[in-house]
Protein chains: 4
Amino acid sequence: MYNKFKYRTYLLLNPAKGNEKWDKLVDYFLVTLISLNIVAVILETVDDVYNSYNLCFKVFEKFSVYIFTVEYLLRLWACTCETKYKHPTIGRLKWIFSFGALIDLLAFLPFYLPFTKVDLRVVRILRLFRFLRVFKLGRYLNATKLISNVFKSKKEELILCLVITLSLIILASSFMYFAENQAQPDKYSSIPATMWWCVTTLTTVGYGDVFPITVIGKILTAFIAILGIGMFALPAGILASGFSDEFRKRKNKEKHICPHCGKEINNERI
Amino acid sequence: MYNKFKYRTYLLLNPAKGNEKWDKLVDYFLVTLISLNIVAVILETVDDVYNSYNLCFKVFEKFSVYIFTVEYLLRLWACTCETKYKHPTIGRLKWIFSFGALIDLLAFLPFYLPFTKVDLRVVRILRLFRFLRVFKLGRYLNATKLISNVFKSKKEELILCLVITLSLIILASSFMYFAENQAQPDKYSSIPATMWWCVTTLTTVGYGDVFPITVIGKILTAFIAILGIGMFALPAGILASGFSDEFRKRKNKEKHICPHCGKEINNERI
Amino acid sequence: MYNKFKYRTYLLLNPAKGNEKWDKLVDYFLVTLISLNIVAVILETVDDVYNSYNLCFKVFEKFSVYIFTVEYLLRLWACTCETKYKHPTIGRLKWIFSFGALIDLLAFLPFYLPFTKVDLRVVRILRLFRFLRVFKLGRYLNATKLISNVFKSKKEELILCLVITLSLIILASSFMYFAENQAQPDKYSSIPATMWWCVTTLTTVGYGDVFPITVIGKILTAFIAILGIGMFALPAGILASGFSDEFRKRKNKEKHICPHCGKEINNERI
Amino acid sequence: MYNKFKYRTYLLLNPAKGNEKWDKLVDYFLVTLISLNIVAVILETVDDVYNSYNLCFKVFEKFSVYIFTVEYLLRLWACTCETKYKHPTIGRLKWIFSFGALIDLLAFLPFYLPFTKVDLRVVRILRLFRFLRVFKLGRYLNATKLISNVFKSKKEELILCLVITLSLIILASSFMYFAENQAQPDKYSSIPATMWWCVTTLTTVGYGDVFPITVIGKILTAFIAILGIGMFALPAGILASGFSDEFRKRKNKEKHICPHCGKEINNERI
């Protein structure tokens, strides 16, 4: 009886497993609550809104934190239903230190901290962790599989792209430092400072706070910027072929049967 | 006789259906008129042009509005030729509240409003709806099918891209708000204000009105901007594989023969 | 004898047709001369360089113009070797008004104009046409075929992209005009002026000379900029599938023969 | 015995050849040392860090230069193990003037120069060559093969892209020079100066230090910027099809059987 109730709770809080009407309802309620929390954190930083609806924010904060606490405790209790966390003590400890559970914990823990005598500013920064609730939404999304598959299958190439990019940034920054340091010692003050310029140029953001003024610097920048186009093209090309492969794989998995004779058709022929 | 005339009108105003010389002529006339209207609205906002050709604009406005009114009324009368809007009253009401018809109505309705005692400034903003005529041009374009097919088949992936982008914007903005708020309280005044910076950075627009000045902010921006390259690459990759698939499908429609029985296979099954 | 000499001249000046040593030499000489001319025009605009090497530029100008004049006259004389321009008078007139010949003519004609009493400033602008010599280089490039093929096969989709882009610019500009005109009447003074902002935003150039300051304007810009990413992705996707198709076509054209039995292998199976 | 020891040294310093535990350890040690050197050069340019840890940098510099010198001399001694550099004198001279060895030499040579009476500023610029150590990391990366293969197979198309880009820059710059020179003689002072603007626009960096203010200049810029999108799309499309081809090739290497005789076909022929 006790175990059955625990299993019911487990299904209720794990939307991917339970399929009944109540499971969906709890799921929708939690997703909505998380979304509203994100909106609240964002709006709280707007002074006008915060001053006008001070009380609303505090009440909503309290309400959602209590809900999240209850959800966390119920999950902690019911997690033993999963084979991975089967052991009543060690399994639960394992669960507590899993990535998802830690995020859940940090989502409401900062709320209880002001009761202790902690410096308020530290708490304010800790509240940032409330934003990790964004990741909770990820748990509810099933369709992420395709994109994550593509990233996994092209992982090596993308890492190589990143390494090439970083090397390019280091090289370009050091060259530019020697080219522009004399002319603009305040903006190209050091190689790390030049890297800031390099990143804004290679990604084509180009804020315009730092730009070369010497002839050599401008010629170097032209080369770097044109290389930047190539750098954009590389991950686009890799991911494009990745998506093509993934879709072809899925297509091949479907059985093809000739409607006339009923035999299966070898997919490689089509 | 009456019905035949109505059907003739229906064909005349629905270029996709009628194929006679007159149908094409009416079609070309309406497309030209719509295009000229768009040009007129654009040029009216240039003070020099408006002051010089004040009368021309007013005459052209009157002329085109009358034509559009007549076209609208004729369409309303003839729409019952379509099976969807067969019923003389309910069918016509349905037609009036269809998206295309509402746009058509809004295209000329604001013109008749100044006769009533409405505040002029409101009317000026209402005139903006005249721009919805741009959508009318879409009705005449047949080739949009391919691109819309690709978007439809990759809808889920593109929505996921958008969700990832939005999550990234929310996360990056909140982190940046805490990193830069102290140093630039006027520019990074709140998370929504920081989002403005985040959008201009992630899309690599980089106006340069807001940019980080703290070291932590610059490092965060570097990460966000490099992630922005990947974000560009994702939809490009998805759409590239989408176009490849769509072209392959069209090619496959040419013919397919089962290797077992030699009969042609209906392509839609493959 | 006369005809043989003319045909020899024709081959000499059409590098794609003649294959002898002298044909290549003349070809290389002309390409080098055209390239040097482009460099000269560019450097002439730099005041320091122009003042120092005034005479050099004038001598080189004279020399190259005489060469181009001789080349033009020889081509005019020899063009009748081509079946298209066979007729001695009409064929030559046809040749004169062909696109390539007009560019060639404009490449040296402005040089002879100062002898007549034309305003010098007009001549200076006419000198711009000397830059059309850049197109002459195109005649010597054979490898452009692949890229032009891809563009031809995807012409319709790319034009549709352009139409979508233009519609987006018109719509976005008119909305932004009404959103920002009140706040920044000098920068968003009219819809055409707003279009300038719209182009720099959608292409993610983002100079930073015009940017929205109202909340509505910023939200609109965020939408437009994110749509801009999609706009980048569309032509990239279309062209990627175009290149894949073109390479597949070329591959399929190669015969595949089994090295064991010598029979041809049906390409569609591989 | 002597030769065996030399061969052992050769294997030790060429990680791609040796597979023993010691070979890996030496490899990891050198990669770490090179990485730390790069970090040191970057941090040395930050005045605060340099002043605080002056001694550390000098000691680390000395240590790593001695290691690199020993490595270089050992390589020079052992390089004759390779068939390419077999001859004791000529082979070694060949090795010295190979690209990799020259980089290795320049990586530590500037350190010994201050002992001679050379101007210090020249030495500082020479220290830039220490950055060529970045290339040394490349030697240790095996996975670069795929990306370099794609670049090799699409070399012609990418070069053509570059030629198109350069032509576009030349043409656009000269047109813009004539359009904007009168209005902004300080920013669009010459065609090479206009090229700087053109590169920042076409690559969509858009610093905002130079931008057109005349109507003709703005219209030209709009065309150039929209062409810039196409320019971005071209290399992305080419590389996307390149990656697809490369992955298909690898897949095809798995096996291929002739449908006529049933024997396996050597893949390189297909």
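Predicted model: local features only at pLDDT ≥ 70, side-chain atom pairs only at ≥ 80, totals over all residues.
Residues are numbered from 1 along each chain as its sequence is written, chains are lettered from A and ligands numbered from 1 in the order in which they are written, and side-chain values use heavy atoms, with hydrogens and water left out.

**Chain A**

- Chain A holds 12 helices and 0 strands, where helices (H or I, at least four residues) and strands (E, at least two) are DSSP runs numbered from the N terminus.
- Of the 270 residues of chain A, 46% count as buried, a term that stands for under 20% relative accessible area, with exposed meaning over 50% and partly exposed in between (1.4 Å probe, protein chains only).
- Among the contacts in chain A with a separation of 6 or more, 60% join residues 24 or more positions apart, a contact being heavy atoms within 4.5 Å.

**Nonpolar cores**

- The largest nonpolar core has 113 residues, and those that touch the most other members are W95(A), W197(A), L202(A), W95(B), W197(B), W197(C) and W197(D); such a core is a set of buried Ala, Val, Leu, Ile, Met, Phe, Trp, Tyr and Cys residues joined through side-chain atoms within 4.5 Å.
- Another core, of 52 residues, lies apart from the largest one and includes I238(B), L239(C), F243(C) and A236(D).
- Leaving aside neighbours within four places in sequence, W95(B) is in contact with Y72(B), R75(B), L76(B), C79(B), Y85(B) and A101(B).

**Cysteines**

- The structure holds 0 disulfides over all chains, a disulfide being a pair of cysteine sulfur atoms within 2.5 Å.
- C79(B), one of the contacts of W95(B), is buried at 2% relative accessibility, and its sulfur is too far for a bond because the closest cysteine sulfur, in C81(B), is 8.3 Å away.
- C198(D) is likewise buried, with a relative accessible area of 0%, and the closest cysteine sulfur, in C161(D), is 16 Å from the sulfur of C198(D), too far for a bond.

**Helices α1 and α2 of chain C**

- Helix α1 (residues 2–13) and helix α2 (residues 21–44) of chain C pack at an angle of about 50° with their axes 8 Å apart, the axes being lines fitted to C-alpha atoms, for helices over the stretch in contact, and the angles running from 0 to 180 degrees between N-to-C directions.
- The pair α1(C) and α2(C) is therefore oblique, since angles under 35 degrees count as roughly parallel, over 145 as roughly antiparallel, 65 to 115 as roughly perpendicular and the rest as oblique.
- On the α1(C) side the contact is made by R8(C), L11(C), L12(C) and L13(C), and on the α2(C) side by W22(C), D23(C), V26(C) and L30(C).
- These residues divide into 6 nonpolar, no polar and 2 charged, with Ala, Val, Leu, Ile, Met, Phe, Trp, Tyr, Cys and Pro counted as nonpolar, Asp, Glu, Lys and Arg as charged, and the others, Gly among them, as polar.

- A225(A) lies in helix α12 (residues 215–253) of chain A and is buried at 3% relative accessibility.
- Not counting residues up to four places away in sequence, A225(A) touches T201(A), V199(D), T203(D) and V205(D); T201(A) is 24 residues from A225(A) in sequence and 6.4 Å away in space, C-alpha to C-alpha.
- G217(C) is found in helix α12 (residues 215–253) of chain C, is buried with a relative accessible area of 0%, and touches M176(C), A179(C), E180(C) and P212(C), not counting residues up to four places away in sequence.
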